[in-house]
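Please examine the sequence and the structure shown here before reading the report.

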Amino acid sequence: MDIIRGVFKMPRLWWLISLILLVLLATLPLYGSAYTVILITAIIMYVILTVSWTMFFAPTGYLSLATAAFFGIGIYTMAILGEQLPLLPAVIAGGLVSFVVALIVGAITLRLRGVYFTIFTFGLVELIKHLLLFWEINVTGTRGRFVVLENNNTIFGVILGIFVVLMLTYYLLRRSKYGLALRSIGENEEAAAHLGVNVNLLKVFTFALSAFFMGAAGAIMATRWTYVDPYVAFNVLHSFLPVLMAIFGGMSQLYSPIIGAVIFAYIEEQLLTRFPEYFMLIFGVILVVAILYLPNGLVGLVRKWWQKGLREENVNS
Amino acid sequence: MLVSALNIVINGLLLGGLYALVAMGLNLQYGVARVLNIAHGEFIMLGAFITWAMYTKFGINPLLSIVIVGPIVFIIGFIIQRTLFTSLRTSAPSQPAFEGSSMLASFGLLFIIQNVALIIWGGDMRAYSYYNFGINLGGAVFAANRLIALIFAVVIGIAFYIFLVRTRIGKAIRAAAEDPTTAGIMGVNINLVLALCFGLGAVMAGLAGVFLSMCFPIYPVMGLEYLIITLIVVVLGGLGSIPGSFIGGFILGLIGSAVSSWQPSLALAAYYFIFMLLLIIRPKGILGK
Amino acid sequence: MSILEGEGVTKYFGGLAAVSDVDFHVDQSEIVGLIGPNGAGKTTLFNTISAAIAPRPGVIRFKGKRITGLKPYQVCRMGIARTFQSVKVFNNMPVFENVRLGSFFGTATRMSSAESAKEAEELLDFVGLSAMNTTLAGDLTLVNQKRLEVARALATKPELLLIDELMAGLNNTEVAQAMKLVTSIRDKGITIFMIEHVMKAIMGVCDRIMVLHHGVKIAEGTPQQVATSQTVVEVYLGE
Ligand SMILES: Nc1ncnc2c1ncn2[C@@H]1O[C@H](COP(=O)(O)OP(=O)(O)O)[C@@H](O)[C@H]1O
Ligand SMILES: [Mg+2]
């Protein structure tokens, strides 16, 4: 038992496991079917949205529903720039445009607290969607756009790359003094400010950082969908799903939101293909049950059992 | 010119009456039960679809549906508060934590209710014709059903406000909104009051749905659109202020009607724009404390 | 030389002047007390100094530099730290990290991780909390939370420390300990401006005392002078 407990204190082993998993993933196109590659691409997309949402919410407690907005901005950036730029620069551009929009939105809105912030970010998705619709219908005379198509393995590689960069960023942020400052903002913003934390700058920057990854994910996913319009690009489900997945998995550990997103995205994929007409129903039930019975997420629950098991074992020996 | 201005005003008032009703319901739920009910729009949809089904299947007068829809949505709302939100409230470590978790749970309800409606009624747009003849008012022509809807919305809104201010239960509700702990000590059964509020809030949405179905086409995913408008109205009038919602509903209805007459596709964008501007300038709303 | 000076500092809430045209100064290495009945505007005056709110009108200078219009984090990095009347510790963070935050962000010069850890440990020892390094701040008793606030403020390496009602709710022994803590902070060369209701404490440690009443400064002087001032006695008895 001691050895197993020690594992959890050995970051080096964690690194090794992560590396092995990563190599397995990176070589997937060599041994996996096309279907598997596409499935895992979709799952990683949700993981990226969930982890980047968690990166801002978990320490600060600011519940943003703007994920779909930043994701959609990435999609549209690709739709517009995809033909002029090579793939990677276009993906980065998608992230950067989202980053800049998030900086502006954050600077205006992050003074709002609680439900006001949430309502505002919720409205943002719809605002951008309707402005874009207006623009497309009245100015460019289109209803949607065709996006340059990419090969599935390329899309997979890029999205895996975004995921790795995101995880490294989140890992470093959590460990750094800025991670500590973000948590102090979540605890008591006023006290944090009086201890020298530039609260507004840190909040806005972290919000924008998380938006970068959402935008980059949107940009690469756009190349899979070939045709996008504002309704597809700015789908509010992309705001709700990451919240759900994070709650489902938990947020205390670096890996908890990943687990929530992987399991949930897989369930979603299965539900959508098998019971499309009951998809939202099942989904809603899972959400309500998770909120009621999993306050610390699936990972929190497993850790609780785990620790309880350890304690009983100690008593017995 | 004058006629078109009159048209804008009348249409704005009609829309505003419905918005006001729905917003008062949402505000009652948030102001007292502290649940920002994202599924509120689904109760509008339920009210609308039940009315439509009663009318097209059994020929029941839409206005009579009030007495059918009211109790149904009240019971649904009451039960949801007594089970789901009461349990979340007792287990939440703090007020903000409860507001967060209850809001998220209401997202779950939104998905559930919407999906059930899709299963029962399918995804198509529906409409029926009721008092659908033109009335000429000083040159502006509009459908009679809208006038009926407006009158009923205003009467119900005002009746509800009087109920809050004058009756014993109404006073208990307001006491609970001010200070739940003290109200509890003073003999108010807090759980009952909260459930009552939630049920009544749902009734306001359901009845708005009844009137709405008389004037506009309805569809199972309509709830979210109306919810967003409602949120805007509530923020406009002030979270927690019932009269604020009433006034805010009419203001937004008028603005929407004005923008629509100029550029229909921009009406929603205009709502959001006003909303975001307001959140930045005066997050407390017009009548917020 | 005055380390802190205020001229005509005023703050209205609605139509009510919480602080009204107050001139004040705090000299280097002094311990200055600020007293007055509840609602006199003491905390509001501290809020204007620490930039939580801006005085309007009024000017505040720190070491000769104007600080009105700055942000709280800037004022903190310039060397003014504060504690709060209603404790604002980071409940779900360990005591140690509460203090480290101050040394990471509040100091004028950047600190390495190792330095800040050492600093935090010394400060926790200084206020008598070293045994509770890993306890969550929310699990501390009120007395210890107040001590933690002092340690956390000191971690920002201030030249001036604003203490808001450190001793409210403490028993006699704890008050004596707190008084010793205040003088030993001054012995580190840190100037202190403190709000206090416990008269014994304020008379015992302060070099000079200011009295606020309805937002107006009504008296100022040595503890002796203030204690015997006719106006001050009237204000306190007239309550
Ligand atoms: N943020 C605020 N908004 C409105 N009024 C305030 C605010 N802060 C303080 N006040 C009012 O200003 C007056 C002075 O308060 P305060 O400075 O806390 O007094 P003290 O610390 O001397 O007890 C009180 O009447 C109080 O109600
Ligand atoms: Mg005070």
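The report below treats the chains, the metal site and the surroundings of a ligand.

## Chains and their contacts

This is a predicted model. Two pairs of chains touch, and the most contacts are between chains A and B. Chain B and chain C, by comparison, are joined by no contact; their closest C-alpha atoms lie 12 Å apart.

## The magnesium site

The magnesium ion (ligand 2) is coordinated in chain C by OG1 of Thr43(C) and OE1 of Gln85(C), at 2.0 to 2.1 Å. These two residues are 42 residues apart and link distant parts of the chain. Thr43(C) belongs to helix α1 (residues 42-49) of chain C, while Gln85(C) lies in the loop between β6 (80-82) and α3 (95-105).

Thr43(C) is partly exposed, because its relative accessible area of 25% falls between the limits of 20% and 50%. Gln85(C), with a relative accessible area of 36%, is likewise partly exposed.

Backbone atoms provide polar contacts to oxygen atoms of ligand 1. The distance is 2.8 Å for a backbone N or O atom of Gly39(C), 3.1 Å for one of Ala40(C) and 2.8 Å for a polar backbone atom of Lys42(C). Ligand 1 taken alone exposes 560 Å², of which the protein buries 57%.

Definitions and conventions:
Residues are numbered from 1 along each chain as its sequence is written. Chains are lettered from A and ligands numbered from 1 in the order in which they are written. This is a predicted model: local features need pLDDT of at least 70, side-chain atom pairs count only at pLDDT 80 or more; totals for chains, interfaces and linings use all residues. Side-chain values use heavy atoms; hydrogens and water are left out. Contact means heavy atoms within 4.5 Å. Donors are N, O and S atoms within 2.8 Å of the metal (3.2 Å for Na, K and Ca); water is not among the atoms, so sites may look incomplete. Helices (H or I, at least four residues) and strands (E, at least two) are DSSP runs, numbered from the N terminus. Buried means under 20% relative accessible area, exposed over 50%, partly exposed in between (1.4 Å probe, protein chains only). A polar contact is a pair of N or O atoms within 3.5 Å; within protein, one must be able to donate a hydrogen and the other to accept it, and residues adjacent in sequence count only if both atoms are side-chain atoms. Accessible areas come from the Shrake-Rupley method with a 1.4 Å probe; for residues, only the protein chains shown count as cover.
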